[in-house]
Amino acid sequence: QVQLVESGGGLVQAGGSLRLSCAGSGPIFRINVMAWYRQPPGKQRESVARISPGGNTDYADSVKGRFTISRDNAKNTVYLQMNSLNVEDTAVYYCNAAVWPVGTTRWFDYWGQGTQVTVSS
């Protein structure tokens, strides 16, 4: 069974940095776009950043210049380097990927379980 597992969340002071990782495991034939979303307390889930298999990236305006998304296709892993964190970045961060599992004939949308990022003032 295909799974996405995030790691790297935690508590950090404002101005600090964190690096999130999300590794895909299981019978993966191919992964297309990988992305990070977040859900702040009491708010809806929002897109943070996305990256194509070739490395093209797109960011939410709120994180441009502070966050960097990258991926290692050989490891089926996507990363999110978060710098200059502020209190508004506090949220549960979710990994998302379009995966073509082995033995199937189409893409499926997978989500990780989420990792908490808390930024203190």
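Leaving aside neighbours within four places in sequence, which residues is methionine 82 in contact with? Contact here means heavy atoms within 4.5 Å, and the partners of methionine 82 are Gly16, Ser17, Leu18, Leu20, Arg66, Phe67, Tyr93 and Val117. The model is a predicted one, so to speak of local features a pLDDT of at least 70 is needed, side-chain atom pairs count only at pLDDT 80 or more, and totals for chains, interfaces and linings use all residues. Residues are numbered from 1 along each chain as its sequence is written, and side-chain values use heavy atoms, with hydrogens and water left out.

Methionine 82 also turns up in the core. A nonpolar core is taken as a set of buried Ala, Val, Leu, Ile, Met, Phe, Trp, Tyr and Cys residues joined through side-chain atoms within 4.5 Å; buried stands for under 20% relative accessible area, exposed for over 50%, and partly exposed for anything in between (1.4 Å probe, protein chains only). The largest such core has 28 residues, and the members that touch the most others are Trp36, Leu80, Met82 and Tyr93. Two or more residues each come from strand E3 (18-25), E4, E5, E7, E8, E9 and strand E11 (115-120). E9 gives the largest share, 5 residues. Strands (E, at least two residues) are DSSP runs, as are helices (H or I, at least four), and numbering starts at the N terminus. As a general matter, nonpolar side chains tend to be buried together in soluble globular proteins.

Next, the disulfide. There is 1 in the structure, a disulfide being a pair of cysteine sulfur atoms within 2.5 Å. Cysteine 22 and cysteine 95 form it, with their sulfur atoms 2.1 Å apart. The angle about the S-S bond is -75°, which makes the link left-handed. Cysteine 22 sits in strand E3 and cysteine 95 in strand E9, so the pair ties together parts that are 73 residues apart in sequence.

Now for the strand pairing, where two strands pair if DSSP finds at least two bridges between them. An open sheet of 4 strands runs in the order E1-E3-E8-E7, with antiparallel pairing. Strand E1 (3-7) and strand E7 (67-72) stand at the edges with a single partner strand each, so one side of each has no neighbour in the sheet. From one strand to the next, the twist averages 15° (axes are lines fitted to C-alpha atoms, for helices over the stretch in contact, and angles run from 0 to 180 degrees between N-to-C directions). E7 and E8 pair in the antiparallel sense over 6 bridges, and arginine 71 stands opposite valine 78 in E8. In the loop between E7 and E8 comes asparagine 76, a residue other than glycine with a positive phi, near 55°; asparagine 76 is partly exposed, at 23% relative accessible area.

Elsewhere, strand E4 (residues 28-39) and strand E5 (residues 46-51) run antiparallel and are joined by 5 bridges, with glutamate 46 in E5 as the bridge partner of arginine 38. Their hairpin has 6 residues between the strands, and glycine 42 there takes a positive phi near 75°. E5 is joined in turn to strand E6 (residues 57-59) by 3 bridges, again antiparallel, and arginine 50 stands opposite aspartate 58 in E6. The hairpin of E5 and E6 has 5 residues between the strands, and glycine 55 in the turn has a positive phi of about 100°.The loop between strand E8 (77-82) and strand E9 (91-101) holds aspartate 89, which is buried at a relative accessible area of 1%. Apart from neighbours within four places in sequence, aspartate 89 is in contact with Arg38, Arg66, Phe67, Ser84, Val117 and Val119. Serine 84 lies in the loop between E8 and E9 and has a positive phi of about 50° although it is not a glycine. Threonine 90, in the loop between E8 and E9, is buried at 15%. The side chain of threonine 90 reaches the backbone oxygen of valine 87 at 3.0 Å, and a polar atom of that side chain lies 2.9 Å from the backbone nitrogen of valine 119.

Technical notes. A polar contact is a pair of N or O atoms within 3.5 Å; within protein, one must be able to donate a hydrogen and the other to accept it, and residues adjacent in sequence count only if both atoms are side-chain atoms.
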